[in-house]
Amino acid sequence: MYQIKNYSKNQQRFITVSHTAEKVFAKISLDQGASLQELSFGKTQVIKKQPNFEYKDSYASSILFPFCSRIENGAYEFEGKKEVFHCNESGEKNALHGLIYNKKFDLISQNISDNFVSITLGYFEKIGQKGFPYKYDFYVTYTFSENGLALQIIVKNEDESSFPFTLGWHPYFLSDDLPNSFFQFESHQKVVFNEQLIAKEVTDLQTKSPFSIDNHQFDDCFILNTPITVFKTPTYDLTLNSNSKEHFLQIYTPKGLPIVAIEPMTGISNSFNNQIGLQVLAPAKIYSITWNLSINQKNESL
């Protein structure tokens, strides 16, 4: 039987989802952009908050909207009008990870059954923000089962004007042996960044699948041929899939931590300027995307 619990701690609101047989446990922060802070299946921890790696620095499991990664100097032009986002990256160089990651969400609905539990959270932008003067409704639905989760995002344009956007998700996945964990995906193109991680160009490449993390320090973006990414660890295999038409994958390994960010995105760094993956949502129109994550546990006793 699944359970949903709402509680507050240190003036922050959280929701936990659990199973009475301990098949699933999840913790979501309502006040940090509906981010998924903990996730376990049985005794296998998949997402776990890391010491000395605060949300303001990690953006762990943040949902990225209206843009992914960075906008150079926060500046762009859309339909003849120039806009500038607040530059929130360290050193105020660029705009980073959109506008949703620190917003306060509210519980809209919940659904509990024998086989799954689903919660829908909402944020409603009524006046617009610096650099993005548009009104919109933003819904996040998490659906958990004993074998994985589905994360659905729905955006509705409530403004009188169209707006540009990309979407992404920024989860960090745990491995008890990161150097001996592997990636498997199909890609023939990679994004090249400058020193500020602003996209410069797209180059051709051939990926050897699967390939190990080993001791390589990743901060790379790949253009995928298919929507499927597999992450293999000694204790579990993870498969990440998407129903979107655009498939970009950012991989980042923070130094000295047993985690890797595997970030599915619909656009790349500086997309508001280079147009790669950029979409436009017309007034009253809705955009929806679902990321499906499935888990295969290798040893339940670990």
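What is the order of the strands in the open sheet of nine strands, and is the pairing parallel or antiparallel?

Modeller: The model is a predicted one. The nine strands of the open sheet follow the order β11-β12-β13-β14-β28-β24-β23-β18-β21, and their pairing is antiparallel. At the edges lie β11, residues 106-112, and β21, residues 211-212, each of which pairs on one side only. Strands of a sheet pair through backbone hydrogen bonds, either parallel or antiparallel.

Strand β23 (residues 229-232) runs antiparallel to strand β24 (residues 236-242), and four bridges join the two. Val230 has Thr239 in β24 as its bridge partner.

Another antiparallel pair is formed by β1 (residues 2-9) and β2 (residues 12-19), joined by eight bridges. There, the bridge partner of Lys5 is Thr16 in β2. The hairpin of β1 and β2 has two residues between the strands, and Asn10 takes a positive phi near 50 degrees.

The nonpolar interior comes next. In soluble globular proteins, nonpolar side chains tend to be buried together. Here the largest nonpolar core has 68 residues, and Phe138, Tyr142 and Phe144 have the most contacts inside it. Leaving aside residues up to four places away in sequence, Phe138 touches, among others, Ile63, Phe65, Ile100, Phe105, Leu121, Tyr123, Ile153, Val155 and Leu167. Another core, of ten residues, lies apart from the largest one and includes Leu64, Val191, Phe248 and Ile268.

The cysteines deserve a separate remark. The count of disulfides is zero, with sulfur atoms required to lie within 2.5 Å of each other. For Cys87, the nearest cysteine sulfur is that of Cys68, 17 Å away. Cys87 counts as buried because its relative accessibility is 15%, which falls under the 20% limit. Cys221 is likewise in no disulfide, and the nearest cysteine sulfur, again that of Cys68, is 9.0 Å away. With a relative accessible area of 1%, Cys221 is therefore buried as well.

The model holds two cavities of 30 Å³ or more, and the largest cavity contains about 160 Å³ of space. Its lining is made up of 14 residues, and the closest to the centre are Lys48, Lys49, Gln50, Ser58 and Ala60. Strand β4 (35-41) and helix α1 (55-58) are the elements that give two or more residues to this lining.

Note on methods
Residues are numbered from 1 along each chain as its sequence is written. This is a predicted model: local features need pLDDT of at least 70, side-chain atom pairs count only at pLDDT 80 or more; totals for chains, interfaces and linings use all residues. Side-chain values use heavy atoms; hydrogens and water are left out. Two strands pair if DSSP finds at least two bridges between them. Buried means under 20% relative accessible area, exposed over 50%, partly exposed in between (1.4 Å probe, protein chains only). A nonpolar core is a set of buried Ala, Val, Leu, Ile, Met, Phe, Trp, Tyr and Cys residues joined through side-chain atoms within 4.5 Å. Contact means heavy atoms within 4.5 Å. On a 1 Å grid over the protein atoms alone, a cavity is a set of points where a 1.4 Å probe fits but cannot get out, and a pocket is an open set with protein on both sides within 12 Å along at least five of seven lines; lining residues have an atom within 4 Å of a point. Grid points are joined across faces, edges and corners, and a volume is the space filled by probe spheres set on the points.
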